[in-house]
Amino acid sequence: TATAGSLRVFRLGRSLGLAMLADEEQEEDFQRFLRRVDDVTNLVQGLNSTDSAVKEKTIAEIEKRLHDQETSKKEESKTTVNRTVINARASDVAHAEAVNTDGFLAILEKDAKERAKRRKRNERLANALKEKGNNAFRKGDYVTAIQRYTEGLEKLKDKQELYTNRAQAYLKMHEYEKAIGDGEWALKCNEKCIKAYFLMGKAHLALKHYSESRQCYEKILQIDPQKESLFKDCMNEVNLEEKRMKDEERAVKEVQSGKLAALAIKELLQTLDRPDQDIHYYIGGIRLLTGVVKDRTEQTLFRTNNGFSVLKDNEIVRRGFCAERKNTAEVDLSVSLLFLWQAVCAGNEENQRLLLTHPDVTAQLPKMLSSGVSEIQKETLALISLYSENENGRRLLVRHQDLTKWLQILMMFVNSTDAKATSAMNILSDLIEEERFQTQCRVMLSTGVLPLFTQLLTSAKLVNQAALARCIGIMGNLCADGVIRMQMAESKECWQACLKLVDECFDVDTPKYQECLFAVLGLMMNLLLESNVTIQYFAVDVSGRCMSLLGDKDGRIVTRAIGVLSRILPASSSAVEEVVKGGVVKKMIKFLKAGGQITSNYGIKTLSICTRSNRQAQEDLVKSDKRFSVLLKLLDSENEMIVGNTAFCLGQCLVVPGAATSLLNSNVVMILLKHAGGDATRTLVQENAAIALGKLCVAEPRHIFQLRKLNGLAILNSSMKYVHSI
C-alpha cells in the first residue's frame, strides 16, 4: 500500500513537473515570438525611413537574415534525430519569421482598424455614461454619478474627463484621498489638465495638506499664466484656512491654560443662551461680551463657541434685531449687536465670512443703512467698512450681498452733514474696485441711481459738498464700465445737472465747491468717450461753459476745462464755430506756451480740431503763433500724441498765405522729415508729419532745396499720396 501510494505521488509529481516544464517552454516560445515581431516591426520602420542610409542598412540586414534562414533550413533537413515536438514548435516560429513585410503590415493595419473601431464604440458608450453621471451630479446624487463615471472608465480607461468628474463627485462625498487618486490618473492622461490640479488642491486643502494644496495651484499658474485670478483666489483660500486652524489651536491652548478672558467668553455666551429673558438682559450681556473681545484669540473663541448662533437661536434677540419699526430697546439691542460684530470681525476673515452667511444679517444690512436711525446707520457703516477696506472683505460682500441697491443707498448719505457721509463715500470708493459690483450697479442705474444723482447735482448748495465731490468722482470712475457710461451719457437730465453745477460755481467760490466743479469736469470728460445725439445737443452749451472756465485761478480746473473742450468739439461744428469766435485759438496758444504735458495734450488736440475745418481758426493760429514757434517746440515733444496733433495742426495752417514762407529760415523740414521717416508707435505721427511736409513744399517750393540737402525727396514722394487723399 505504501509502495502504491509512493508511486501515485511520484506520478503526480512527474505530471506537475512536465506541466510546469511545458508552461515554461511555451512562455519562452511566446517571448521569442514577441522578439521576432519587434524585429520585423523595426525592419518595416527602417524600410519606410526617409533616411537613405537607414534604408540601405535595413535592406542589408534583411538580406543577411534571409541568408541565415536558408542556411538554417538546410541544416535542419540534414538532421535525422526524431524531434517531433520540438520541430513542430520550431516550424511555428519559422512560419512567424517567414511572414513577409507586406503581409505583416496588412496584419498590423487590420489590427489597427479593429482597435480603432472598438475604441470608437467604447468612446460612444463612455460619453453616454459620462452624461448620465453629469445628470446625476447636477441632481446631487453623487453616488450614482460615481457609479456612472466608473462604468465609463471600464469602457475607456484613458478618458481624462471621467477621472476629473469622478474626482469632483468624490469631493462632494468628502472622499478626499480618492479624489486625489483620480486627479493623478487624469494627469497621466493629460499632464496639463488644470481641472485635475484644481480638484487635487481642493482635496489636499480639506485634508489640511496646505503645502501640497499650494503646489497644485502653482502648477495651474505654470500651465496657464492667464489663470492668475483663479490662482490668487485659491491661494488666498489656503492661507485663510491655515490661519483659521492655527487660530483655533491657539485658542484651545488659551482655554486649557485657564486664561480668564478665554473662560469669560464661554461663560457669557452660555448666559446669553438662556431663553425668554427680558430684552435688556440680552443687551447687557452683549455689551459685556463686546468688552471682553480684545484680540484674535477671543474672536476665535467667540466663533468656536457658536457665538454667531445668538441671533439664530434666541427668538427675542432675533425679533428685536429684525423689527421693521424699532422701539428704543430694539434700537439699543441692534446697536449692541453691531458693536459686538465689529469687535469679533475686525481683521478676522473667518468671522467676517460666517457673519455674512447668516441670512438675517444679509437681509438686514441694507435695511439698517436706510433705517433713518442715525446711531444704527453709523454702526452699520462702521461694520461694512471692516469688509470694504480689504480685498477679501469686498469679495465677501459681493458674493453674499445683493448690492444692486447699495450705490443708491450709500449715495443718499451725501445729504448727511456728519461723518456718516464720509464713511459711505469711503465704502463706495472701495467697492467700485470690484468688477462684480460695477455689474450690479447697472441694474438700478437708470431707475434709481441717476434720478438721485441728478437731484444731488442740482442741489449742490444744500448738501455735504465734500461728500458730493467724492460722489461725483465715484460716478466718474464707474464710467469705466461701458454700459454705465453709455446710460449716463444718453441722459439729458445728467448733462443738465452737470451744467447747472458749473453755472453755480461762478456764484459760490469756496474750496469745497471748487472740488465739486473739478469732479464734474472729470465726469464729463469720461462721458465724452461716448458719441451720441445727446452729446451733440449739449455740445455748444458745454463748450461755452468750458470757455468761461479758462480764466479760473485753479490750474486743475483750467486743465480739465481744456480736456472737455478737446472731447466735446468733435461732436459739433457749431460748437467749433462758437469757441473760435470766442478766441479759443489765442487762449490755447497761451496755455501751450506755459502749460505742462497734460495741458499741452488737451490744448493741441483742441487746436487740431478747430483748424481741421475752420478757416478762421487757421488764420488765428498763424497770427497768434508767430513763425509757428509754439508748434515747432511741440514737435520736439516726446509725447507722440502731442507730436501727431501738432503736425496735423501745422499742415492745416499752411494753406494760409504766407504761413509756409514764414518757416523758410527754420528747421521745420528737418523736424518733419525726422517724424515722417521715423519709427513712432503711432502711425498717425508719420502720416501727419509726411502730409505737413508735402503741404509745406507745395505751398512754398523753396523748402524743396532744404529737403534735397537732407536727401528727403523719397520721403516727400511717399507723402504725396497722403496729400492727394485729403
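Here is a tour with a few stops and what to look for at each.

Before clicking, know that this is a predicted model, where local features need pLDDT of at least 70 and side-chain atom pairs count only at pLDDT 80 or more, while totals for chains, interfaces and linings use all residues. Residues are numbered from 1 along each chain as its sequence is written, and side-chain values use heavy atoms, with hydrogens and water left out.

**Stop one: the annotated repeat.** Select residues 194-227, where UniProt, in an unreviewed entry, places the feature "repeat: TPR". UniProt positions follow the numbering used here, feature names are shortened, and annotations may be inferred rather than shown by experiment. The span is 79% helix and 0% strand, and its end C-alpha atoms lie 10 Å apart. (Helices, H or I of at least four residues, and strands, E of at least two, are DSSP runs numbered from the N terminus.)

How many cavities of 30 Å³ or more does a search of the whole structure find? There are two. A cavity is a set of points on a 1 Å grid over the protein atoms alone where a 1.4 Å probe fits but cannot get out; lining residues have an atom within 4 Å of a point. Points are joined across faces, edges and corners, and a volume is the space filled by probe spheres set on them.

Select Leu240, Lys243, Arg244, Asp247, Arg296, Arg303, Asn348, Glu349 and Glu350 to show its lining. Helix 10 (228-256) gives the most, with four residues. By class, this lining has one nonpolar, one polar and seven charged residues. (Ala, Val, Leu, Ile, Met, Phe, Trp, Tyr, Cys and Pro count as nonpolar, Asp, Glu, Lys and Arg as charged, and the others, Gly among them, as polar.)

**Stop three: the second largest cavity.** About 30 Å³ of space lies here. Its lining includes Phe308, Leu337 and Trp341, and has six nonpolar, two polar and no charged residues. Helix 14 (309-313) and helix 16 (328-345) each supply at least two of the lining residues.

Methods:
1 Å grid on protein atoms, 1.4 Å probe; cavity = no way out; pocket = protein on both sides within 12 Å on 5 of 7 lines; lining within 4 Å.
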